[in-house]
Amino acid sequence: MSMEYRKLPHGEERLSTLGLGMGGIQNAPAEEIEAVVSKAIDSGINFFDLCGGGASIYAPFGAAIKGRRDKVHFQLHFGAVYNKKGEYGWSRNLDEIKRTFEWEMNALGTDYVDFGFLHCVDEESDLADIQKNGILDFVLELNRSGIVRHVGFSSHTPSVANKLLDTGKIDMMMFSINAAYDLEFHDELGIGSNEERTALFRRCQAGGVGISVMKPFHGGQLLSNKTSPFRHALTKNQCIQYCLDRPAVLAVVPGARGLNDLIELLRYPQSSAEERDYSVIGQFTPQSAMGNCVYCNHCQPCPAGIDIGIVNKYYDLALAGDRMAADHYSKLVVKADSCLKCGHCDRRCPFKVKQQAKMQQIANYFNKGV
């Protein structure tokens, strides 16, 4: 296998499904930071998140993308700021944000930003502050002028994220996604029930809002038997694939502390389907999270040739208000009503979805022309 790219719904950009977060590399020497970014680009990664870490990442990143800026897409966060020591912090002061933005652009050596993100909008008060203090208006003005190509935000809270989506101005959302959070093994950054989180992701899919994923390894906890809430370690490949199978997800942006971490992450594009198979989590899924199709296609191959994941996706999108979903469904060569009722999918689904019955339900829905 090789690097996969997914198109931004509200744009022409095609983003590598494996991205790279720069939030953990600030302690590396400048030459190593530049080398990591250069190797990532050479290996097919074209999507980066420039949040957190420290001010030390910007100049090396700029040096690495010099001469190939058009091959790179990155997220810049309006609200992430740095003190005189270069240490990361966050602010809702518009003047401070403007100064930081000007400094970032100079350090990066660029005159435009691919994704201008409203930073860490987790609470109702955060949303009120970015509106009241003119931060949202500032980013929207940069968007109108072409300096910010796309407007987005980062959040950990479904209810607040939905209010930002209500503005109709959002092209991209950065959200914390991993199996622990989605299956309601929470910490302070894993907010919302399985139902709330799934509804948010499906809303993004229906509205053409892409998702970039932070916290794919649950802060590393999912990678160890001792710290995983399942008491069973997952691999990085399994965690990345889990995120990419969620609705609307375009890219996963794990962090790298240096070249060794990057080399380990780059095993993902070359990994086999078996190495990415995370169906083991079905053994640990709480009852409250069971019964929801996550489009993972672990039920494949269907003897009738139905793409069960995509059939479920078009159905969920139609229910979420996507007017094009029925048209997409109508173009499928094999539809839900081709189900043989053999039970193969029911036996294989790690989330205990009764897909045989679901195919009848979906066929009835679309055959009525809803």
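Which residues are linked in a network of salt bridges? They are Asp182, Arg197 and Arg246. A salt bridge here is a side-chain nitrogen of Lys or Arg within 4 Å of a carboxyl oxygen of Asp or Glu.

This is a predicted model, in which local features need pLDDT of at least 70, side-chain atom pairs count only at pLDDT 80 or more, and totals for chains, interfaces and linings use all residues. Residues are numbered from 1 along each chain as its sequence is written, and side-chain values use heavy atoms, with hydrogens and water left out.

**Salt bridges**

The whole structure holds 14 salt bridges. The table lists some of them.

| Pair | N to O distance |
|---|---|
| Arg203 and Asp166 | 2.7 Å |
| Asp182 and Arg246 | 3.3 Å |
| Lys331 and Asp327 | 2.8 Å |

Start with Arg203 and Asp166, whose side chains meet in a salt bridge. This pair links distant parts of the chain, 37 residues apart. Arg203 sits in helix 8 (residues 194-207). Asp166 sits in the loop between helix 6 (158-165) and strand 10 (172-176). Helices (H or I, at least four residues) and strands (E, at least two) are DSSP runs, numbered from the N terminus.

How accessible are these side chains? Arg203 has 30%, so it is partly exposed. Asp166 has 53%, so it is exposed.

Now take Asp182 and Arg246, which also form a salt bridge. Asp182 lies in helix 7 (residues 179-182), while Arg246 lies in the loop between helix 9 (236-244) and strand 12 (249-252). The pair therefore ties together parts that are 64 residues apart in sequence. Asp182 is buried, at 0% relative accessibility. Arg246 is buried too, at 4%.

Lys331 and Asp327 make another salt bridge. Lys331 is exposed, with a relative accessible area of 58%. Asp327 is partly exposed, at 32%.

**Cysteines**

How many disulfides are there? The count is 0. A disulfide is a pair of cysteine sulfur atoms within 2.5 Å.

Cys204 is buried, at 1% relative accessibility. Cys299 is in no disulfide either. For Cys299, the nearest cysteine sulfur is that of Cys345, 6.1 Å away. Cys299 is buried, with a relative accessible area of 6%.

Note on methods. Buried means under 20% relative accessible area, exposed over 50%, partly exposed in between (1.4 Å probe, protein chains only).
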